Amino acid sequence: MRPKILAPLFVPIEHFNGIGPKLSLWIKSLCGSCALDVLWHLPSGINDRPLLKTKPIIPQLGTLLVEITAHKIPRTRKLPCIISGNSALGLVEIIFFHYHPSLLAKKLAVGEKVWISGRFSTEQDIIKISHPDYMENALFKIPQHEVVYPLKAGANGKIIHKIIEQIIPTLPDLPEEIDPVILKERGWPSWQQAIKIMHFPQTQEDLRAQQSAHERLAFDELLTNQIALHLTRRYNHQKPGQALLFKNQLKLDLPFQLTSAQQKCLQEIRNDMSSNECMLRLLQGDVGSGKTIVALLAALQAIENKTQVAFLAPTDILARQHFEKIKNLCKNLPVNIGLLTSHEKGKIRQEILSNLAQGYIDLLIGTHAILEQNVVFKNLGFAIIDEQHRFGVKQRLSLANKEQGVNLLFMTATPIPRTLALTAYGDMDISILNEKPKGRQPIDTRVIPLTQVETVISHLKSLSSQVYWVCPLVEESEESDLMAAQKRYKSLQKIYGDQVGLIHGKMKADEKKEAMDKFIAGQTKILVSTTVIEVGVDVPSAGVMIVEHAERFGLASLHQLRGRVGRGQDKAICLLLHARLSETGHKRLQILRDFDDGFKIAEADLRLRGAGEILGIRQSGLPLFHLANIEKHADLLSLANNHAQQILSQDPHLTTPHGQAIKNMLYLFQKDTVINLLNAG
Ligand code: ADP
Ligand code: MG
């Protein structure tokens, strides 16, 4: 139920004066259907309307006192009407194309002195203005400053003003939901004031306070976002899960020691699994930081407790690779491992499904195929989702729903900046692998123009290690990606013959497997590929990564691609071949050359491209904010996160008066869904 005090904010726009059916449609497409939506359509700037002191050389917004001397009304309405006058700056002509003669006669009567405001220009020494914004007999009736709204083409900001003018007097005086200490420290106005300052600045002081007013409104939004995520997390945790205790019965013989970051993350996961709340954790670690092993060790803990484990990978290749590696690592353990991708069909598939349903398979590794309805586990207790950003939010959830109380571990190598992680993954606990295994070689990254591609090709001869050659993304279409890859494959074949392999997304699973196996075995030296190899592939003998048209890739993807090399003993090289670049384009590639830390790269990428681009917002589940700007208000986000935690620890169900104030805000931004979680939790 919507709190009563909020009612004025939900008045439909049709109810405002002057908003007919046509305008209301336009406003709906611009901002939304009720008063609140219009309030959230914040101005993009301020127009000054100063008194003109000199003849405008270029068109200029301003106000001028004009004494009307003559009306020149043409015989036909097709021609403009010109009204002449005198001003302190010289002759003035006011021009109207569509006009009401009676209105002109009244407002601009000959002999009257009228304040005219609008965009002035000068032509042949005469000051001209067409269709003034204001024609008034007193200066005070014309605003000196005016907010400007971001509008679509052809639209008129005055309409927004018209609605805002009517909303302002009805604004509710909401009880304050922000901690008074924060409010004071930041010098923020109240909610009502902030809205007025943004939409209806009256004084110079109001103008100066706009930034702080915007911050305040952004904070309201970020705070409710964080509270919503905390509530979701609480709700998820409260779903009872199986406690999967660490028994140390299934011991893995590792050829290396875990890094201390791996140990720390593993411990966090172990603790979650042992409790009887459901785990919902994200393991975030740069490419090559060794996430798979951590996940496998956690999987063994689940298997010790006689539950089954699902391990999801986004591609066939990756699933198969995990399968081979994990089978090998577990070869001395009493653990049954199955593989299920779209490649397993017919009898083989039936056998896997029946073994799974009877509980003979302990660990099922696979792709989306695992999510299909007819894949039934006997007792699924733990699921791992590798490269989780490759799965849609829906797919992520469908795993949780497959069985009640499944512990979930998401893994991602897309290093998103902390600020974004807070909003994208705020409903999960996060473990961070911030250390790479010892002995990794730094990767020599070079940015090279495509014009030198032939030189690069002939240099490959002298290299001892294997080479990935990644072909460009072409207009986001798989067809044309494929053509580019095939073309490059043929041109390389001319020189290197059998030593060149090709792999792309359109190949059948067994063809892909064959191409990959040949490369792993060292039978092919150069593997030409579309971006299918982007995620997760691990071939230590590959030491060179070449990316063609690197400028078409996101930095995160390039970083992932580069992470495919530098896993063996040899010094690794990454060549970024690029077409003509803009300055920003060049800067982007330089970031990659200069940094090898995924987090730093992600932060730089964020600054250059903005949040929306980083991870295809919708896919990642990152909310789009109305008022907050994630780059501009990054510091507010962590403040909001802390504040949200504090509020919920003191008042878990938001029942105090302060809680009620929070609920109002939650309602404004998050609507019913979250309020329901409050009651459920
Ligand atoms: P990612 O985090 O990118 O998924 P992987 O799990 O594929 O990384 O690990 C990359 C490589 O590092 C693998 O070959 C893995 O066996 C190896 N590896 C993992 N942990 C360690 C470690 N502590 N010491 C040495 N090598 C390790
Ligand atoms: Mg991986």
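Colleague: Before we turn to the site, what share of the contacts in the chain between residues at least 6 apart in sequence joins residues at least 24 apart?

Modeller: This is a predicted model, in which local features need pLDDT of at least 70 and side-chain atom pairs count only at pLDDT 80 or more, while totals for chains, interfaces and linings use all residues. Residues are numbered from 1 along each chain as its sequence is written, chains are lettered from A and ligands numbered from 1 in the order in which they are written, and side-chain values use heavy atoms, with hydrogens and water left out. The share you ask about is 74%, a contact being heavy atoms within 4.5 Å. Of the 681 residues in the chain, 54% are buried, that is, under 20% relative accessible area with a 1.4 Å probe, counting protein chains only.

Among the polar contacts (N or O atom pairs within 3.5 Å), the side chain of T292 places an N or O atom 2.6 Å from an oxygen atom of ligand 1, the side chain of Q262 has one 2.9 Å from a nitrogen atom of the ligand, and a backbone N or O atom of S289 lies 3.4 Å from a ligand oxygen atom. Of the 570 Å² of accessible area that ligand 1 has on its own, the protein covers 83%, as computed by the Shrake-Rupley method with a 1.4 Å probe.

Technical notes
Polar contact = N/O pair within 3.5 Å; in protein donor to acceptor, adjacent residues only side chain to side chain. Buried < 20%, exposed > 50% of the residue type's maximum accessible area, 1.4 Å probe, protein only.
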